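I opened this notebook to record what I looked up, entry by entry. The structure comes first, then my notes.

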Amino acid sequence: MPQEPARHHRLLPVRPLTFSPFARSVARVATAYLVKHHMHDAMQQSAGDEFKEKLKNVDRQSESSEDEEFDGVVQADFAFFDPKPDDFHGVKTLLQSYLNYKQWDLSGFVDLILGQITVGTVVKLEDDEDNGVFSIITALNLGRYKDHKCITELKEFLLNICHEKDKIGNLRSLLGVEAQKVGLLVSQCVVNLPPELLPPLYDALFDELSWATEDEPTEELRNSFRFQFYVVVSKFYKHKNANQKRSSSTDKDEAFVYIKPEDEILHKLSMWSFLFPLQTQQVATHELKNYQLTGIVMAVKAEDISSFRQQLHALISES
């Protein structure tokens with residue numbers, strides 16, 4: 001059953017959101033390119049012939065939109081659901097590149113996500129028998145699951161990619177002695193998910209976290225959702241001269257172009273962050289010729305989440 005009455009949303013033309021006009025235009029081009037490749041990957045790995053056909057239809061619409069200023073619209077009705085075992089393949093597909101295509105216990109990671117039914121949401125087409133997953137959002141306690149192979153490997157990955165001496169100590173602390181207070185904020189979706197879904201998705205997550213601190217059956221479980229910090233692993237486009245751009249306002253190019261609109265807000269609110277290179281094919285577009293797809297790890301205080309939610313609502317409503 002859905003978590004709440006289904007919200008109906010049209011699958012709108014791809015319009016990535018950022019805080020500047022230039023970044024929006026560049027992200028739009030990048031996202032249009034990624035739509036085709038992501039959908040092809042999803043078709044290869046998702047079960048169900050009908051679901052594959054639906055993805056093909058979205059793919060064809062995206063291709064035609066690129067040359068028509070995104071005038072095409074695909075009609076779709078989305079609903080929010082609690083995670084369940086049947087979502088395994090769809091969620092795993094969304095998370096294939098989560099750790100830069102590293103060989104790790106991704107299946108175990110997905111099992112943790114789907115096993116935590118009180119906190120977390122998947123977005124699917126309403127009344128879709130093929131069970132295609134278009135988005136997953138959740139928060140996992142790094143201390144509670146510290147003995148699981150996938151979390152051990154995730155921590156090792158994060159420590160190995162952090163080469164900033166002033167950040168490694170903070171990272172070790174969050175992954176170690178303070179892990180019981182840290183939530184790994186996981187949010188992955190298909191690249192053309194309507195941005196209107198983002199505020200209710202994040203509101204649902206943080207509301208569920210608050211309810212879990214009161215409703216879970218044991219004190220240990222209730223405490224496991226009382227996060228003081230969140231760690232976010234994501235990616236964006238970094239200009240090749242990003243460091244110089246921070247101190248210069250004369251160049252019209254943005255230092256960073258965010259694929260996910262919420263990441264720009266989280267980046268601004270973060271206590272600290274660091275970047276890492278990605279092993280992925282560069283998007284071959286003129287607009288992004290000076291940009292490199294780059295990984296980012298962010299640490300955000302839980303006390304700043306209220307501001308994040310407000311800013312996300314404002315950003316989407318203004319778009």
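I looked up lysine 167 and found its side chain in a salt bridge with that of glutamate 164, at 2.9 Å from N to O. I count a salt bridge when a side-chain nitrogen of Lys or Arg is within 4 Å of a carboxyl oxygen of Asp or Glu. Lysine 167 counts as buried at 15% relative accessibility, while glutamate 164 is partly exposed at 29%. For these words I use relative accessible area: buried is under 20%, exposed is over 50%, and partly exposed is in between (1.4 Å probe, protein chains only).

I note here that the model is predicted, that local features need pLDDT of at least 70 and side-chain atom pairs pLDDT 80 or more, and that totals for chains, interfaces and linings use all residues. Residues are numbered from 1 along each chain as its sequence is written, and side-chain values use heavy atoms, with hydrogens and water left out.

I then went through helix H6, residues 165-175, where Lys167, Ile168, Leu171, Leu174 and Leu175 are buried. These residues cover an arc of only 130° around the axis, which puts them on the same side of H6. The arc is taken from the directions from the helix axis to the C-beta atoms. On the other side of H6 I found Lys165, Asp166 and Arg172 exposed. The cover over the buried residues of H6 includes helix H5 (149-161) and the strands S4 (182-189), S5 (229-239), S7 (272-277) and S8 (291-301). Helices (H or I, at least four residues) and strands (E, at least two) are DSSP runs, numbered from the N terminus.

Aspartate 87 is in the loop between strand S1 (78-81) and helix H3 (88-94), and lysine 124 is in strand S2 (residues 121-125), so the pair ties together parts 37 residues apart in sequence. Aspartate 87 is buried at 0% relative accessible area, and lysine 124 is buried at 4%.

Arginine 309 forms a salt bridge with aspartate 207, with the closest N and O atoms 3.1 Å apart. Arginine 309 lies in helix H11 (residues 305-318) and aspartate 207 in helix H7 (residues 198-215), so this pair ties together parts 102 residues apart in sequence. I noted arginine 309 as partly exposed at 21% and aspartate 207 as partly exposed at 28%. Asp203, Asp207 and Arg309 are linked in a network of salt bridges.

How many residues of helix H4 (residues 106-115) are buried? I found 7 of the 10 buried, so H4 is largely enclosed by the rest of the structure. The buried ones are Leu106, Gly108, Phe109, Val110, Leu112, Ile113 and Leu114. Their cover includes H3, strand S3 (133-141), H5 and S4.

Leaving aside neighbours within four places in sequence, phenylalanine 109 is in contact (heavy atoms within 4.5 Å) with Leu95, Tyr98, Trp104, Leu140, Cys150, Ile151, Leu154, Leu184 and Val186.

I found 0 disulfides (pairs of cysteine sulfur atoms within 2.5 Å) in the structure. Cysteine 150 is buried at 1% relative accessible area, whereas cysteine 189 is partly exposed at 26%.
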